[in-house]
Amino acid sequence: MKKCVFAGTFDPPTTGHKRVIEDCLKIFDEVVVAVMVNTDKKPVFSEEERVLLLQKLFKDESRVKVVVYEGAVVDLLERENTPFYVRGIRNTVDFEYENANFFANKKLKKDIVTVYLPAEQESLQISSTLVKNSVKFKKDFSDYVPSEILQDILTLMEKKDV
């Protein structure tokens, strides 16, 4: 059985994240979606809220497992017993960032296989930051988040001071 890890902050999950996970399901038997705890970021949504949003998004897909993880991705790959690490790439900035991480990760885990999945053209500008800024300035963000969780995000946002 081939399993991969797709890790990120997912604050909140976007249509781009959804597409990467769907593409992973075309390649792998199981996708571990890891909500990473990044102490350098101040997420709007709690880890639990992000997990619930992702679980709802893939509620009918038993091959998607959502976990919270704090630590190095190479350790998560070891825990999940897989060398496959998937990264979504929107542009050359993403590629440079991910490639630098690849070389660092390769020193820590020799058997890591990093898979880069390019974004579709209509998703190139979509990011969780774009969604949060759209909310902050009271702009429509419905095209940037999956329709299955749009209402959940709106409900959660009402309770937050964003």
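Lys3 touches Phe28, Glu30, Val32, Glu80, Thr82 and Phe84, leaving aside residues up to four places away in sequence. Contact here means heavy atoms within 4.5 Å. This is a predicted model: local features need pLDDT of at least 70, side-chain atom pairs count only at pLDDT 80 or more, and totals for chains, interfaces and linings use all residues. Residues are numbered from 1 along each chain as its sequence is written, and side-chain values use heavy atoms, with hydrogens and water left out.

**Lys3**

- Lys3 is found in strand 1, residues 3–8. Helices (H or I, at least four residues) and strands (E, at least two) are DSSP runs, numbered from the N terminus.
- Lys3 counts as buried because its relative accessible area is 15%. Buried means under 20% relative accessible area, exposed over 50%, and partly exposed in between (1.4 Å probe, protein chains only).
- The side chain of Lys3 reaches the backbone oxygen of Glu80 at 2.8 Å.
- Lys3 and Glu30 are 27 residues apart along the chain, with C-alpha atoms separated by 4.7 Å.

- Six of the six residues of strand 1 are buried.
- Lys3, Val5 and Ala7 point one way from the strand, while Cys4, Phe6 and Gly8 point the other way.
- Strand 1 runs parallel to strand 2 (residues 30–36), joined by six bridges. Two strands pair if DSSP finds at least two bridges between them.
- Strand 1 also pairs with strand 4 (residues 84–89), in the parallel sense, over three bridges.
- Strand 1, helix 1 (residues 15–27) and strand 2 make a right-handed β-α-β unit. A crossover is right-handed if, with the strands pointing away from the viewer, the path from the first strand over the helix to the second runs clockwise.

**Strand 4 to strand 5**

- Strand 4 pairs with strand 5 (residues 113–118) in the parallel sense, over six bridges.
- Phe84 stands opposite Val113 in strand 5.
- The chain crosses from strand 4 through helix 4 (residues 92–108) to strand 5, in a right-handed β-α-β crossover.
- Lys107 sits in helix 4. Lys107 counts as exposed because its relative accessibility is 68%.
- Lys107 and Val74 are 33 residues apart in sequence and 10.0 Å apart in space, C-alpha to C-alpha.

**Helix 5**

- The buried residues of helix 5 (residues 128–136) are Ser128, Val131, Ser134 and Val135.
- Seen down the helix axis, these buried residues fall within an arc of 125 degrees, so they line one face of helix 5. The arc is that of the directions from the helix axis to the C-beta atoms.
- What covers them includes helix 1 and helix 6 (147–158).

**Backbone features in the loops**

- A cis peptide bond joins Asp11 and Pro12, with omega of about 0 degrees. Pro12 is found in the loop between strand 1 and helix 1.
- Asn81 has a positive phi, near 60 degrees, in a residue other than glycine. Asn81 lies in the loop between helix 3 (73–80) and strand 4. Asn81 counts as exposed because its relative accessibility is 70%.
- Lys138 is not a glycine, yet has a positive phi of about 55 degrees. Lys138 is found in the loop between helix 5 and helix 6. With a relative accessible area of 75%, Lys138 is exposed.

**Cysteines**

- A disulfide is a pair of cysteine sulfur atoms within 2.5 Å. By this rule the count comes to zero disulfides.
- The closest cysteine sulfur to that of Cys4 is in Cys24, 3.9 Å away, so the two are too far apart for a bond.
- Cys24 is therefore in no disulfide, as the nearest cysteine sulfur, that of Cys4, is too far for a bond.
- Cys4 is buried, with a relative accessible area of 0%. Cys24 counts as buried at 0% relative accessibility.

Key:
A polar contact is a pair of N or O atoms within 3.5 Å; within protein, one must be able to donate a hydrogen and the other to accept it, and residues adjacent in sequence count only if both atoms are side-chain atoms.
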